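Please read the following report beside the sequence and the structure.

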Amino acid sequence: MAYTVEPPAEGRRITYDEGSGELRVPNNPVIPIIYGDGIGTDVGPAARRVLDAAAEATGRRVAWMRVYAGEAARDWYGENLPSETVDAIREHRVAIKGPLTTPVGSGFRSLNVALRQTLDLYANVRPTYHLDGVPSPVKHPEHMDMVTFRENTEDVYAGIEWEAGTDGAEELRRFVEEELGCTGVIHDGPVGVGLKPITEFGTKRLVREAIDYALEHGRDTVTLVHKGNIMKYTEGAFRDWGYEVAEREYGDEVITEDTLWEERDGELPAEAVVVNDRLADNMLQQVLTRTENYDVLATPNLNGDYLSDACGAQVGGLGVAPGANFGEGRCLAEPVHGSAPKYAGQDKVNPTALILSGRIMLDFLGWSDAADLVRDGVEATIQDRTVTYDLHRNIDGGEKVSTSEFAELVAEKIRGMG
Ligand code: NAD
């Protein structure tokens, strides 16, 4: 296949030193961008405009390298996820993407899952915080300030599953009943089967990311969220391995909740992060009723999916919910929302989620000044009540603006602040 996308000549490559774990970022890095399917063609250019303004205001310039996946890639390459796109993201280490539609029908893997697995982006990180002026269904949305670290490569999302009626499903039933002796549990008739792998390796590297983040950002707690009371050897193991990392690898910087009470009468040593654990069902209540008590959450894949959506609903929903996937020296920023096909191409939806995903990416580059400008620019624009339809319908008054108008207003604010 012909090589159709070239890195822009005016940019330089980000490099990573594996020994020191240091990312070396030039002032004009090449950053691949996938606009994505559906509303991706609306929010992609909008986010780019805002991120450009923030880079420029802080004396830098991003050399964007547009790459393709999903529908756009099918037109060009005849495939959903061309290797050239995956290679560009792998080589340049840091990238941003809009949503990709998962084609309906058997045989299609989710492109998002494929990208995360291929690049070993093992932590999906979703910060949930309230921007002043964003309408919310709760009384104190400002109490919400959590960051969910969701394991991204295993659990029931690993894709090891068999459809009812297939040889694989029947073979597994036979193995479980005859070889392992678990009889009388699986009902007769067709059965679909999925496996839930939770490894020590996958758990520990995720929990390390969460604790490192808490230490670097001055957070008070890391909460391991699991269903270990029921799924003892998967979710329970996640909890146990999580505590093991905390106790063995971080010395005095980290203290477990039990030790805090047993040995220190609740007295917290200065600057230490407390690691505790909660059952996932309980946690879905606590994020609503004891919002202020929680900071950083570390959790297996499925719990993290539910939990971050529940948190996001309190602070404005999908239009404003950012995220990013991290691997070793890698970041692929992407919003929580999907391609919302019914709004595609209408210049209507909210680009905030992708813009704030870009903020996470800027932080990863070490450009925290630019990242702060992005946040402040978005917040100031929303405080002016110039918002897209999703926020406009929930506030009194205000002016409804399009995707591109909103982005331009944010860029103007940033230029004014820079
Ligand atoms: P969706 O997030 O695309 O849309 C659900 C609804 O949320 C929309 O109808 C709209 O009302 C609202 N919404 C979403 N984004 C918005 C925005 N930026 N501004 C304002 N409102 C917004 O979810 P879906 O309809 O379940 O999924 C559509 C497609 O997207 C599916 O193919 C799914 O697989 C895919 N998807 C992709 C990703 C990803 O790329 N990471 C994530 C989720 C879903």
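E379 has its place in helix 12 (residues 368-383); helices here are DSSP runs of H or I with at least four residues, strands are runs of E with at least two, and both are numbered from the N terminus. The model is a predicted one, in which local features need pLDDT of at least 70 and side-chain atom pairs count only at pLDDT 80 or more, while totals for chains, interfaces and linings use all residues. Residues are numbered from 1 along each chain as its sequence is written, and side-chain values use heavy atoms, with hydrogens and water left out.

**Buried polar and charged side chains**

E379 is buried, at a relative accessible area of 13%. Buried means under 20% relative accessible area, exposed means over 50%, and partly exposed is in between, with a 1.4 Å probe and protein chains only. The side chain of E379 reaches the backbone nitrogen of D132 at 2.7 Å.

R150, in strand 7 (residues 145-151), is also a buried residue, with 3% relative accessibility. Its side chain makes a polar contact of 2.8 Å with the side chain of N301. A polar contact is a pair of N or O atoms within 3.5 Å; within protein, one atom must be able to donate a hydrogen and the other to accept it, and residues adjacent in sequence count only if both atoms are side-chain atoms.

S308 belongs to helix 10 (residues 301-313) and is buried, with a relative accessible area of 6%. S308 and T148 are 160 residues apart in sequence, yet their C-alpha atoms are 6.4 Å apart in space.

**The ligand site**

Which residues come nearest to the ligand? Of the 22 residues around the ligand, they are L100, T102, G338, A340 and N350. A residue is counted as near if one of its heavy atoms lies within 4 Å of the molecule. By class, this shell has 10 nonpolar, eight polar and four charged residues. Ala, Val, Leu, Ile, Met, Phe, Trp, Tyr, Cys and Pro count as nonpolar, Asp, Glu, Lys and Arg as charged, and the others, Gly among them, as polar.

| Protein atom | Ligand atom | Distance |
|---|---|---|
| N112, side-chain N or O | oxygen | 3.0 Å |
| A340, backbone N or O | oxygen | 2.7 Å |
| N350, backbone N or O | nitrogen | 2.9 Å |

Taken alone, the ligand exposes 820 Å², and the protein buries 70% of that. Accessible areas come from the Shrake-Rupley method with a 1.4 Å probe; for residues, only the protein chains shown count as cover.

**Aromatic rings**

How many aromatic pairs does a search of the whole structure find? The search finds five. Rings of Phe, Tyr and Trp (its six-membered ring) pair if their centres lie within 6.5 Å; planes under 30 degrees apart count as stacked, over 60 as edge-to-face and the rest as tilted.

F326 and F364 form a tilted pair, at 5.4 Å centre to centre and with 50° between the planes. This pair links distant parts of the chain, with F326 in strand 14 (residues 324-327) and F364 in helix 11 (residues 352-364), 38 residues apart. F326 is buried at a relative accessible area of 10%, whereas F364 is partly exposed at 25%. Y68, W76 and Y77 form one aromatic cluster.

At the ring of Y389, the charged end of K348 sits over the ring, 4.7 Å from the centre. For this, NZ of Lys or CZ of Arg must be within 6 Å of the ring centre and within 35 degrees of the ring normal. K400 is found in strand 17 (residues 399-400) and counts as exposed, at 53% relative accessibility.

**Loop residues**

Most residues other than glycine have a negative phi. D120 is not a glycine, but has a positive phi of about 50°. D120 is in the loop between helix 4 (111-118) and strand 6 (123-129), and at 35% relative accessibility it counts as partly exposed. D155 likewise has a positive phi, near 70°. D155 lies in the loop between strand 7 and strand 8 (161-162) and counts as buried, at 0% relative accessibility.
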